Amino acid sequence: MSKNTFELPKFGYKARFNTVARQADGSVWFQQGGTVIVATATSAPTRDFPGFFPLSVDYREPFAAAGKIPGGFFKREGKSTDKEVLTSRVIDRALRPLFPKDYFDQVQVCVTLCSVDKENSPHTLAVLAASLALVTSKIPLLEPVGVAEIARFEGKWVANPNHEQSFESDVKILVVGTKEGICMVEGSTNEISEAEFLDALFLGHETIKEQVAWQETIVKEIGIPKVLPALPLDWDAWEKKCSDLLTDDLLLPIFKTRTKQERNQVMDVIKKAFEEKYGKAIEEQGEPRSIIDYIFDTQLKERITAVICEQGKRVDGRSYEDVRDISIEVGLLPFTHGSSLFTRGSTQSLGTLTLGSGQDEQKIEDIMGGEVDGSFMLHYNFPPFSVGEVKPLRPPSRREVGHGHLAGSAFKYVLPSKESFPYTIRIVSDILESDGSSSMATVCSATMAFLDGGVPIKDMVGGVAMGLLKSEKSDFTVLTDISGFEDAFGLMDFKVAGTENGITAIQMDIKYKGGLPRQVFEKALAQAKVGRIHILAEMKKVMSKPKAELSALVPQVESFKIKSDKIGAVIGTGGKVIKEIIEKTGTSIDIEGDGIVRIFGQPGPDMQKAVRWVKTLAGQIEAGTIFDGVVKRVAEFGLFVELVPGKEGLLHVSAIPREKQRTMSQDYPIDSALKVQVVEYDAELDRVRLKIV
């Protein structure tokens, strides 16, 4: 093994450095089995400080890694898929808090999947590869991170399962952490308890500590010194100036506000006081205003945190455990399949339900192979007016994709099975107003839209966002239902969705750079459960079970089974037959490989015509059935009558009135209508004998 190659045999990891992408500040060729990832980390000076740490993370999964060519017209990868976006967000959320508070260089982390086997999932390896690229570079990441996916396979917890075990599991929790503690959690579960979740969390941390120790060994061996660029100002001096200005007298008016608008007005007063005292000096001395504003904002958050912890109340007057006022309406949109408006404080989500056929399913091409269920979609929209801003409307951002995924994952195990409810389901959450925790408001509005639309979900799901504060003089303080203002300066953003029985989805980002003890998580989860139960109780006051019937606007569905060897007859060459059925009846038809047929359409004669058409082509023909047939051929021994396009029966000459037997071609011309009844159907020979009605 060369000095640039390091292995961790327990996990099958192999990392090679300084062999690829050598012009990046840090790079690694990272391999587990047949899965290979190249991760790079590159930095550049920041010209105009944007007011936040300019870190960007891009994870890509080219189909060449699995020996595939992309589907569609353009045979190359385009914009990032949702999976790529979600993995990029996981890496970003895990790493962002671990840079020095006064480091503002641009940092770009690129993670590319180069080869993938069918056993080692790349999304966890991508996090580890990004950490390796950073810790072996000059970029000052404070410490390495490890990652573990926790699954429940055959009733047992498994850390970093193979692809098959992960696919079969009803619990998938991704945990990222340092050697001291956990810094990011995301997952969906089948109503597990808070105690079970904690067990899974800290099982994952045991794996993480081994990965971190391995990375520390690599760092000692490679030994690249970190570079922290000189700042264009005296950071400590400006911190003290900001802290001295932020007296209790200046801050206390914030604690008398009750709305986001009132709070913004008080914040403007505080910023004006800062401007009056230091604005002229900043301009005259040519100090970097954007960085000073950042320092001021950071100090303001720390001072407000200290006041909250010392006074025992929040800026809007609530106790630590209080949930903001909730109001709910359902059925507001008359021409949708289901709708709800969920308002909690100044956060408001409009949920809209649409039910479609199998043709409406989202087609997902996964690099790992296998079927990806696209029969349920939840799309989250965050327009600028929801926070009183003026911005151009653009395609969904990474944040919108991430919030939609989180809310959607909360319903994975409560939706009805496809066999019992064969509709494609789409929920759209439009955030009309936002003051924190819009993703959890989306969970609540989606639940109410399901109930309003008559979707037989197994249980109601609610969600709540938790926060964590700590000052120099206080212990950790957990906040229930954090506002956007509190989210900005909290040490943890902890979103928990679930039923009364347990957790169904969870996402946690921790900004605290030290490790959090188990009792903090226990307290946060217990408090979250109380908040979730309260929210569900408010939802149940409006509606507690699905409507008995679907909306009249929802397509009716007829399901039945045909023999597999008859599927070809129904579809026809190049789909010609099934396309004709759909076009002439205005229905939508799904046929599965096992012969299950689902026909979607509005109740009425066209729907029944489509059902009969498919059944007839499939040989489900019963004696006594009457058809409005069409004469297609005349032979010496009788007439061939088309029962439905693609299927004919024989009207034998003996079944034709005697006086017309010699003049059949004149009395029954080609393409003339003829009402007939099935006398007998020979399934073996696929022959139908008819008589005139």
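Helix α12 (residues 518-542) lies across β10, β16, β17, β18 and β19. Its direction is about 145° to β16. Axes here are lines fitted to C-alpha atoms, for helices over the stretch in contact, and angles run from 0 to 180 degrees between N-to-C directions. Contact means heavy atoms within 4.5 Å. Helices (H or I, at least four residues) and strands (E, at least two) are DSSP runs, numbered from the N terminus.

This is a predicted model: local features need pLDDT of at least 70, side-chain atom pairs count only at pLDDT 80 or more, and totals for chains, interfaces and linings use all residues. Residues are numbered from 1 along each chain as its sequence is written, and side-chain values use heavy atoms, with hydrogens and water left out.

Now the sheet. Eight strands make it up, in the order β8-β7-β9-β10-β19-β18-β16-β17. The sheet is open and its pairing antiparallel. Two strands pair if DSSP finds at least two bridges between them. β8 (156-159) and β17 (477-480) are at the edges with a single partner strand each, so one side of each has no neighbour in the sheet. On average, neighbouring strands are turned by 15° against each other, direction ignored.

Strands β10 (residues 182-192) and β19 (residues 503-510) run antiparallel, joined by six bridges. V185 stands opposite M508 in β19. Helix α10 (residues 438-453) lies across β16 (462-469) and β18 (492-498), at about 160° to β16.

Next, E636. This residue is in the loop between β23 (626-635) and β24 (638-644). E636 is exposed, with a relative accessible area of 79%; exposed means over 50% (1.4 Å probe, protein chains only). Leaving aside neighbours within four places in sequence, E636 contacts V653 and M664. The C-alpha atoms of E636 and F99 are 91 Å apart.

Key: Buried means under 20% relative accessible area, exposed over 50%, partly exposed in between (1.4 Å probe, protein chains only).
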